[in-house]
Amino acid sequence: MNEGKGRFDIMELIKKVLFTDFVKGLVITFGYNVSMDSVITVKYPDEEKWIPYRRFRGLHTLNRTADGRELCVACELCSKACPTRCITVIPMEDNTGRGISDRVAKVWKVDLVRCLFCGYCEDACPTRAVRLGREYELACFDRNCAVKNREELLRPQPVPEEMSGGVVAKARLRTTPDGIEVVADLSETRKRRV
Amino acid sequence: MEQLFFYIFAFAAVISAILVISVRNPVHSAFFLIVTFMQVAAIFILLRSPFLAAVQVFVYVGAVMVLFLFAVLVLDMGKETMKEHLHGQSIPAGVMAVILFLLMCYMVVKGRIVANPGSYGEAALVNNTEVIGRELYTRFIYPFEIVSLILLVALVGAIALVMQSKGKEQGK
Amino acid sequence: MPDTATILTVIAIVVKVVIATMVIFSLPLPLTWIERKVAGHIQVRLGPWRVGPHGLLQPVADTIKLLFKEDIVPAKADKFLFWLAPLMAMVPAFAVFAAIPIGDTVMVPIINQEIALYIADMNVGILYILAIGGLGIYGIILGGWASNSKYALLGGLRSSAQMISYEIAISFAAIGVVMMSNSLSLVEIVRSQNHGIFSWNFFYLPVGPVWFAIFFIGSLAEINRIPFDLPEDEGTLSSGYITEYSGMKFSFFMLAEYVAMVSVSILAVIMFFGGWNSPFPFTIGLPSILADLLALIWFFGKVCFFIYLFMWLRFTLPRYRYDHLMVIGWKILIPLSLVTLLVTGFMRIIG
């Protein structure tokens with residue numbers, strides 16, 4: 001093994017005989033094994049939950065103005081821009097002040113089974129009504145519940161817009177009739193260990 | 001009690017030995033050969049020679065048969081199982097086998113297979129291994145060394161043959 | 001009509017066999033949990049966590065899963081050998097324990113009987129263990145072949161070549177121990193090391209540590225654990241010889257592997273680290289029952305350390321390439337063991 005060097009390296013041989021490289025590796029892994037602080041696992045459903053950054057692209061949200069009027073004008077640009085054709089928009093006439101114009105969405109639904117969370121709808125929206133939010137627990141038991149419609153998407157977000165995210169929050173697992181959900185307590189957060 | 005066990009082991013050994021030569025699949029043959037070796041080892045234990053039994057298992061079952069299987073595994077099974085191995089010699093071979101069997105029967109009946117009991121009694125056999133070791137390295141030193149030498153020659157010969165053919169390949 | 005003493009001996013043997021079998025059968029339960037915990041912590045994870053407190057019931061859940069899993073037999077598999085192979089892997093692993101002592105004879109106070117903490121003290125013990133332990137390989141070879149799958153076959157082939165290469169080195173290490181301790185019986189080997197830490201075979205300088213290194217590396221290869229787990233190398237062979245196995249048959253292979261790991265740990269302790277002897281050369285005047293208990297604690301402490309060492313190594317070292325494995329076996333371990341054998345022989349003559 002030492003032909004390349006031309007001379008016999010006695011230190012190398014001693015190191016090999018005493019398994020120094022092995023011992024070095026073993027010491028490192030033993031350090032990890034005994035120190036509990038080095039664990040980087042996020043105890044997700046039981047005790048903790050990851051709050052994503054604002055840039056995260058999760059479930060769609062439909063937004064309102066500060067005085068509570070819907071921003072969506074049902075222009076259908078989002079559904080045109082969608083590469084997977086997962087957004088359905090049916091406009092209607094409404095002058096009661098529900099939206100910011102007389103044209104509002106009668107139906108605005110997104111099929112999450114097809115959606116690829118690319119964010120094109122967000123870019124296409126002229127009034128910034130559609131945003132991809134920070135909700136990521138989208139698993140459910142049948143296909144129907146993967147279609148989210150206007151009423152659901154108009155609800156306020158569990159993680160407020162002001163919060164910059166990127167932290168692990170205390171959470172608890174809650175069983176509801178529709179399934180299980182992890183409720184985060186946003187007041188108690190910690191940085192993620194790397 | 002001991003006789004009963006002897007008959008069990010002997011019966012199993014004979015049955016599996018017959019299966020070794022009668023099953024078509026080489027891997028099954030190898031498997032039954034392992035079984036045969038194990039039964040023989042068990043008979044060695046009945047004969048108060050645990051060392052020989054352990055060595056039988058260790059060498060034949062543990063090493064030789066593994067090598068055997070290693071070679072058999074790389075065979076193309078489909079062809080091997082279908083092939084007629086006797087090439088039309090079955091009738092003369094059968095006749096020879098019957099003659100050999102009769103010969104052996106004659107020798108068993110007429111001959112004297114009771115060996116003289118050795119100079120070692122029951123007590124000495126407790127330290128079976130030491131007895132064997134001492135005998136091998138004193139009384140049987142020449143046969144022992146000659147056997148070792150033959151094995152060494154075989155080893156060197158095998159390596160020499162392989163290296164020769166390898167050298168030729170590289171020469172081309 | 002046999003007398004009472006004979007009947008008692010027979011009963012004692014039967015009881016010991018039953019207890020040993022039951023203990024060995026349930027060994028993988030804690031061991032899988034410990035192994036996964038060690039793996040988790042070394043990889044800065046938590047390991048099993050959700051089934052029971054700290055995932056303690058995980059092995060039970062795994063067992064239930066394996067029991068109810070569909071038992072798939074590949075269409076063109078050799079049914080007979082495919083069915084037999086898991087047993088052939090498991091039976092030798094159990095049979096080895098017939099010769100493995102976990103302690104010397106102890107005086108049990110209540111029934112006032114001498115009980116030996118081993119099933120059989122054979123005068124060829126070490127040879128028996130090597131011979132029977134080597135048989136487990138047939139489960140792997142035949143299982144690999146019978147699966148009718150190229151991954152499994154390659155796993156079986158690798159296993160057989162690996163086993164032949166390293167069995168020689170292990171046997172040499174066993175010969176070295178026999179020379180140092182002057183006996184083939186495992187109980188005698190332990191008794192020869194009862195004068196404190198420097199009478200242990202490991203400290204039979206300068207050859208003791210070399211023999212131990214040869215034995216340890218060889219046994220790592222024999223029981224197919226990382227860094228020598230080429231037969232089930234998931235990187236290149238998916239799972240090697242167990243690729244086609246599922247359900248209980250798969251768990252038999254796993255059981256065999258864990259039992260082999262335990263028996264190798266016990267062997268290492270018995271052969272090199274004084275078995276149940278304490279490292280101190282003096283004895284404190286304890287009552288005999290406490291002394292026996294202490295011996296058991298020493299023994300299991302050492303064995304646990306080795307089991308942990310096997311796991312520790314598994315999650316520290318990468319896997320060797322196959323040709324490197326062969327080079328280590330044939331070009332390093334075997335010549336080294338021959339030289340060490342010579343040195344040991346000279347030391348026995350002089351010392």
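This is a predicted model: local features need pLDDT of at least 70, side-chain atom pairs count only at pLDDT 80 or more; totals for chains, interfaces and linings use all residues.
Mentor: Residues are numbered from 1 along each chain as its sequence is written, chains are lettered from A and ligands numbered from 1 in the order in which they are written, and side-chain values use heavy atoms, with hydrogens and water left out.

Trainee: How do you know which chains touch?

Mentor: Contact means heavy atoms within 4.5 Å, and 2 pairs of chains touch, with the most contacts between chains B and C. Chain A and chain B are joined by no contact, and their closest C-alpha atoms lie 23 Å apart.

Trainee: What makes up the contact between chain C and chain A?

Mentor: Chain C gives 17 residues to this contact and chain A gives 17 residues. The buried area, which is the accessible area (1.4 Å probe) that two parts lose on being put together, summed over both, is about 1,600 Å² here, with 69% of it on carbon and sulfur atoms.

Trainee: Why is the pair Arg50(C) and Asp46(A) called a salt bridge?

Mentor: A salt bridge is a side-chain nitrogen of Lys or Arg within 4 Å of a carboxyl oxygen of Asp or Glu. For Arg50(C) and Asp46(A) the N to O distance is 3.3 Å, so the pair meets the rule. Between chain C and chain A the count is 1 salt bridge.

Trainee: How many residue pairs are in polar contact across the interface of chain C and chain A, and which helices of chain C take part in it?

Mentor: A polar contact is a pair of N or O atoms within 3.5 Å, where within protein one must be able to donate a hydrogen and the other to accept it, and residues adjacent in sequence count only if both atoms are side-chain atoms. By that rule 7 residue pairs are in polar contact across this interface, both residues being at pLDDT 80 or more. On the side of chain C that touches chain A, α2 (28-42), α8 (207-222) and α11 (288-314) each supply at least two residues; helices (H or I, at least four residues) and strands (E, at least two) are DSSP runs, numbered from the N terminus.

Trainee: What makes the pair Glu35(C) and Arg314(C) a link between separate parts of chain C?

Mentor: The two side chains meet in a salt bridge at 3.1 Å, N to O. Glu35(C) lies in helix α2 and Arg314(C) in helix α11 of chain C, so the pair ties together parts that are 279 residues apart in sequence.

Trainee: What makes Asp62(C) and Arg36(C) a salt bridge, and which helices hold them?

Mentor: The closest N and O atoms of Asp62(C) and Arg36(C) are 2.9 Å apart. Asp62(C) lies in helix α3 (residues 58-68) and Arg36(C) in helix α2 of chain C, so the pair ties together parts that are 26 residues apart in sequence. Asp62(C), at 23%, is partly exposed, and Arg36(C), at 36%, is partly exposed too.

Trainee: How do you know that α10(C) has the length expected of a helix?

Mentor: The expected span is 1.5 Å times one less than the number of residues. Helix α10 (residues 247-272) of chain C has 26 residues and reaches 38 Å from its first C-alpha to its last, close to the 38 Å expected. This helix is mostly covered, since 22 of its 26 residues are buried.

Trainee: Why is the phi of Arg85(A) worth a remark?

Mentor: Most residues other than glycine have a negative phi. Arg85(A) is not a glycine, yet its phi is positive, at about 55°. Arg85(A) sits in the loop between α3 (77-81) and β3 (87-93) of chain A, and its 64% relative accessibility is the reason that Arg85(A) counts as exposed.

Key: Buried means under 20% relative accessible area, exposed over 50%, partly exposed in between (1.4 Å probe, protein chains only).
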